[in-house]
Structure formats: C-alpha cells, structure tokens
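Please look over the model shown here, with attention to its charged side chains and to one of its sheets.

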Amino acid sequence: MKKLSGGHIVVEVLEKEGVEKAFCVPGESYLGVIDGLYEHPKIELISTRHEGGASFMAEAYAKASGKVGVCMATRGPGATNLSIGLHTAMQDSTPLVALIGQVERPFKGKEAFQEVDFAAYFSHLCKWAVEIDTAERIPEIIHRAFYIARSGRPGPVAVSLPHDMLEDIVEYKEGVVSDYSSPEVSDETVEKVLEKLVRAKQPIIIAGGGVIAANAEEELAKFAGKVKVPVASAFRRFNVLSNDHPNYAGWLGFGSDPKLIDYIKGSDIILSVGTRFSQVTTQDYTLISDQTELIQVDISPDSIGKVYSAALGVVSDAKKFLQKCLVQTESAPDEYREQVVQACHEAYLAYSTPPAPSESTEFADLNAVMADIVAVVPKNSILTSDAGNFYGWIAKYFRFTNEKEYIGPTSGAMGYGLPAAIGAKAACPDKTVISFSGDGGFMMTMVELETAVRANLPVIAIVINNNMYGTIRAHQEKHFPSRVIATPLTNPDFAKVASQFGCKGETVRKNEEFLPAFKRALQSDKPFVIEVQTDPSIMSAAQAAK
C-alpha cells in the first residue's frame, strides 16, 4: 500500500471520480493539491483571474458536460470570492464540488491569517459543507462529496482542507465511487396522473431543470404529444422542450407572454415536472390559483409543496416518470385538445418574432441584432448570459432547439456570462459558445478574457452597452422617478480592451454593422468581443416592441 501526502490523495480521488478539468485561483493553503495535479496530467487545471470566475466556469462546465464541476480556492478571501458560484449552483441545482484551503489545524479558533469557519459559512449556500481533519479520511469524505453533489436534487458541496493536513504522509486506501439510484414512481401513481390529465379541461405542463438534468427532453416531447398538452418552460430552462416543437407554449420568467400567464392561471390541472417554482417562474408566487389542481413531480421530496400545495406529490426522477407515463399512455384523437395546443404554440411564435427594427442611426437596435443572431447562429451552439435588461431580448426572441442550448443563472448572478461561456467551451470545445452580457456585468468578470486566451478557448462575447446598470435604472425610474443616482456608468472601448488581452474585438454602432462583425466572430480562432452600443432610453424588449 503506497504512502502519499494528503494533497496527492485528494488528486487520486479526483481522478477516480473521473474529473477531467478543474478551475482555480492558486493559493498557498492548498498548494499540496496543486502539486498533486502536476503528476496527473489527465486533469487539466485552468487557472483563472478571480475566484468568482473560477466558480462560474465550474458551474457552467457542469451544466454543459453533465458531470460534476470542480473549483478550488484558498482560504478566507479566496473562498468568499468563490461563494457566488456556489450560490448559483445551489439555486440552479448544479452538481459542483469546491475544494478550499484552510488554516493549519493547530491555529484554528485563534482568528488566524484569513481564517473562516467554512462549515458554518457555506452551510446555507451548499448541500453540504465539511472540513477534513485527518488525511486518512480524504477518500471517504471527498467521494461522499461527489455523491451528494450529483444525487437527488444536485447541488454544490464545499470541502475545507487544512493546510497542514494536506502535507501529512499517510497510507492511501483507495475509496469507492458511489453509484446511486433515482427514485421511481409507481404504476398506480402514474395511473392517477394520467386520469387527472384526461379529465382536465385546460391542462398545462410546466417543466424545469429536473428534465434537463435527467436528460428527459425526448421523453417529455413524446409524452406532451401523446396527451396533447401544451408545455411551458420554467425560468431559464428553455431547453426542456425544443422551442420549435408543436407543444411548446413559451417560457416563464421576466416578460413572459401575458397570454401564457392567463392560460396557466385559468388551468384546472398543472403537471409540473422537475421545477422548484422559483419566485421568477411563478411571477412573484401569483401564477397558480387556489382553483388549480397541482400535480408536482420532483426528485426531491423537500421541493414538493414548498411553494404551492400539491394535490398529488410524486417523488421521482423526471426521466423515469415520463418513461412510465409513455408506457401507460394511449394516444387518441382529441380535436379540441389539438386546437388548444396549436393555439398556444402559435401564440408563442407570434410573441417571439422580432418586430421590424427602428430607423435610429445613432444606436444599434437589439431587435435587429437578435434577428441577425437567430438567422446565422450555428445549430451546434451554446448561449450563456448573466443578469440584465438585455436578457429580455434573448428570452423573447431566440428560439432554443435541441441543437441550440442555453446556460444561464436562475440565481440572477451578474458577471456570469463570460466565465460561463469559458466553462461551457472547456466542456464542449466543438460547439460555438456565445456569451451575452450588459456593460455592468461584463466589467465584473472581463479579466477572464485572459483566461480564455491562455486556455485557447475561443468564445464570442457580446456586450450590450447602454452605459448604466440598466435593470436597476428601470426599477429606479419606476419607483423613484426623476431621482437617478448610482446607476450611470462609464466604460472603456471594449474592442480595444479585448485586443489588449489578445482577443479580437469590434464595436457596433448601427444595425448594419452587427451581422458582418458576428460572422467574423464565428470564423475567429481567438476569443472575440463585440460591443453593441444601444439606446439607453430603451429599457426592455417589451418597450422596444411598441
């Protein structure tokens, strides 16, 4: 039996768990782990410029790859910087393991240099937060961390690694990669669900991240077609059903189609599959009326009834639930249901068609920009974004299909778009990856352009520049009119900044300039930044459509 340092044992466990990439800002408190990675070239360590960027990259990598994301940071400031991505992973149900250096064990409790009680600090941000006190327990605890991260409702796990523990030399006893079985619905419960759907006068399916996590999009498409029920996607979960599918009725979130909201509020039966009914999805918890009967399917029993009382709660993996439904469902002609489904889809198509662009010559029109993107974006693409008013144009006008995916934070984290694109490109190097950010969010993580260049990850970053924190300005002008403060911004020339990082960059000021720039970006072998200067007086896609 071989003897290894604690840091090298951590790496042995990562390799056994199948980790291929990890994201970090290096730190002295976990140099033992970094040293172990020197001898394990199968795991690529991507060093980033900020811990928030590292955690965003790991979170998006997990979404794009279907694997557990891994990020690392040093103690104190490094770990607290890392926490934004862990919060995102928690709200987005993303499997992620964060390895964090910690002060030496004899120094704990003395307010040592950069000391934080990580088990306490991360307890509400993560599924599990733990500190390893002895090197012998590293395999046991880290394997368990990966199991917890990916099982049930997935989420982040924080593992604290004391500096001196990583230097201890102990016998390495190989641990076990824990497999897990997902809960499965009974045949009797499926019968109850189907009976309720058959009787329903105005049913709808609301599908969320559990469908994507279970790779159940195909089953959902077949089931919706069989039972002739429209499907709405939860906030930022566009890919639960290809948006060109005849049963797709649209998305829920900011700026949803009022017709879809009215349809759902008037529904007598709602079948929810794999969604936690977030505040944004439910329009501030107003979406479902007391007269609606809710059937809630979720892999986590803790999610059922948490927001709305469920007439029937079903604890099941989304894929297993839909597979059983398909076996027990018989497709039968129903002209009325077919007309309802068609009307819902046609309403979505009408709502998601960009209007004619404005004739302004001073700024680029986002309606025109989105029309150009929709026209030429490759099928094999991933779009990422962070929070901001610009997101309204993506949600409203981009139709996500099986070949065009979306990765974005339901947590609403700013600064997510660019590092998420880098993480997604690391997971899927053969796909075109495009990030969307406002000028405020982009400036928060713009330094990661250097990471993209150094790691040879040619992403496209589209920066919508209106020289303000636009979302907050919109709320400010609504609630405190004529009292603007703190929201105006000034910005550098983003194209020139991009070139300084070793990227390519262009500035778009008019509608006709965007498409040629976008085509050049698609052909680029380097990261490419496109700054789109927009009218600061137009705050939303709804306003622009008038």
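The report below takes up the sheet and then the salt bridges.

This is a predicted model, in which local features need pLDDT of at least 70 and side-chain atom pairs count only at pLDDT 80 or more, while totals for chains, interfaces and linings use all residues. Residues are numbered from 1 along each chain as its sequence is written, and side-chain values use heavy atoms, with hydrogens and water left out.

β19 pairs with β20 (residues 528-533) over five bridges in the parallel sense, and K504 stands opposite F528 in β20.

A salt bridge is counted where a side-chain nitrogen of Lys or Arg lies within 4 Å of a carboxyl oxygen of Asp or Glu, and by this rule there are 22 salt bridges. Three of them are listed here.

| Pair | N to O distance |
|---|---|
| K63 and E59 | 2.9 Å |
| R75 and E104 | 3.6 Å |
| D164 and R105 | 2.9 Å |

With buried meaning under 20% relative accessible area, exposed over 50% and partly exposed in between (1.4 Å probe, protein chains only), E59 is buried at 0%, whereas K63 is partly exposed at 24%. R75 is buried at 6%, D164 is buried at 18%, and R105 is partly exposed at 26%.

Technical notes
Two strands pair if DSSP finds at least two bridges between them. Helices (H or I, at least four residues) and strands (E, at least two) are DSSP runs, numbered from the N terminus.
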